[in-house]
Amino acid sequence: MDKKIFMDYTIDELVELGIKPKFRAKQIYQWVYKKYKDNFDEMTNIPKDLREKLKEEFIINPLELISHEISKDETEKFLFKTYDNHTFETVLIKMKEGKYTVCVSTQIGCKVGCKFCLTAKGGFVRNLSAGEIVAQVWFMKKFKNFPENKALNIVYMGMGEPLDNYNNLVKAIKIIQDDNGLNIGGRRQTISTSGIAPKIEKLGKENLGVNLAISLHAVDDKLREELIPLNKAYNIKSVIEAIKKFPIDKRKKVMFEYLVIKNVNDDLNSAKKLVKLLNGIPSKVNLIYFNPYPGSPYERPDEETMKKFQRFLLDKGITCTIRESKGIDISAACGQLREKELNKEK
Ligand code: SAH
Ligand code: SF4
């Protein structure tokens, strides 16, 4: 693309690019992130020559919406197209009391190659830029016409492995946190990772105040390797050690995601090992129903098995929730809409 993406830049970087003095860069940030403007001409308090420079050099929103589906449970799924004609998705989940969570993608495709994940099947295309990550959150606020001070919760659980796109992820978090911009703090942002241990440690040192979610899914290395090939490089022990070094807010816990797959990891012996593994970490467990897709090698567990697994953990004093698969009827889990769209093209 011949123009730069405005949302790729922090305020300080914009100043370095000649968008100055700094208070001007802040004003433009406010137009974009608080008034949801994607057109420099509407920024009436910005001098005309600066607006002309901006128009020549930048585009504001890098994403084009190409489809929007709403599920029965009001989960909304958005398929976006990038400037270089790739597609990826973002999910907006309606929570209790008018709260919303945005499930953001960080890559087009994914390199990790988990056996249960549809995103993995499509292979890896490219990283999303910081601006392409930020734009997903910005778009939801604009689309829903939310008041500027409405803070959404953000989970980096869409397509891709966030820590495999580390620099862009960290930059996006900082841009999203800026109080001249979306002003969404770290405690409202949760990074979900399949367990790139050194990057978990590195992220901890950035002190962004973000929450951590670990896609654990298995309690012994043999099975975890089978499900998540990355476990060969970073085994369970190394992941747990990295988590122990991560700064966790005293009121918060590390979330362990455990994808429950019928007859694979749904037995109480696994639950028992899980309790042992989490010993010493302020943790909560989120049990996820495996969500089958055409051709998937696994099956969804039944409700009774889920409840038993949950009960076991609760009895050991571990906070444990069961994640209802939101938006099942519009295939809102991990990469499924994009796949549908690609199949249409074939
Ligand atoms: N790459 C990161 C974040 C994206 S995946 C990670 O793996 O954590 C977000 C969540 O969706 C992960 O916990 C993943 O295990 C889950 N997921 C992937 N495929 C799924 C499926 N078929 N059914 C249910 N959850 C799935
Ligand atoms: Fe990548 Fe996460 Fe899917 Fe694994 S589950 S392939 S890490 S997106």
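## Residue classes and the shell around ligand 2

Ala, Val, Leu, Ile, Met, Phe, Trp, Tyr, Cys and Pro count as nonpolar, Asp, Glu, Lys and Arg as charged, and the others, Gly among them, as polar. On that basis, the shell around ligand 2 in this predicted model divides into 6 nonpolar, 3 polar and 1 charged residues.

The residues that surround ligand 2 are Cys110, Val112, Gly113, Cys114, Phe116, Cys117, Ala120, Gly160, Glu161 and Ser194.

Ligand 1 has 21 residues around it, of which Gly160, Ser192, Ser215, His217 and Asn291 come nearest. By class, this shell holds 11 nonpolar, 8 polar and 2 charged residues. Three strands, β10 (189-193), β12 (254-260) and β13 (283-289), each supply at least two residues of the shell around ligand 1.

Several polar atoms face one another here. A nitrogen atom of ligand 1 lies 2.9 Å from a backbone N or O atom of Gly160, and a nitrogen atom of ligand 1 is 2.9 Å from a polar backbone atom of Asn291. In the side chain of His217, an N or O atom is 2.7 Å from an oxygen atom of ligand 1. The protein buries 94% of the 540 Å² that ligand 1 exposes when taken alone.

## The position of Ala218

Ala218 is found in the loop between β11 (211-215) and α8 (221-227). Its relative accessible area is 1%, so Ala218 is buried. Apart from neighbours within four places in sequence, Ala218 is in contact with Leu223, Arg224, Leu227, Ile236 and Tyr258.

Between Ala218 and Ile318 there are 100 residues of separation in sequence, and their C-alpha atoms are 17 Å apart in space.

Terms used:
Residues numbered from 1 in each chain as written. Chains lettered and ligands numbered in written order. Predicted model: local features only at pLDDT ≥ 70, side-chain atom pairs only at ≥ 80, totals over all residues. Heavy atoms only, no water. Near = heavy atom within 4 Å. Polar contact = N/O pair within 3.5 Å; in protein donor to acceptor, adjacent residues only side chain to side chain. Areas by Shrake-Rupley, 256 points an atom, 1.4 Å probe, with all protein chains shown as cover. Helix = DSSP H or I, 4+ residues; strand = E, 2+ residues; numbered from the N terminus. Buried < 20%, exposed > 50% of the residue type's maximum accessible area, 1.4 Å probe, protein only. Contact = heavy atoms within 4.5 Å.
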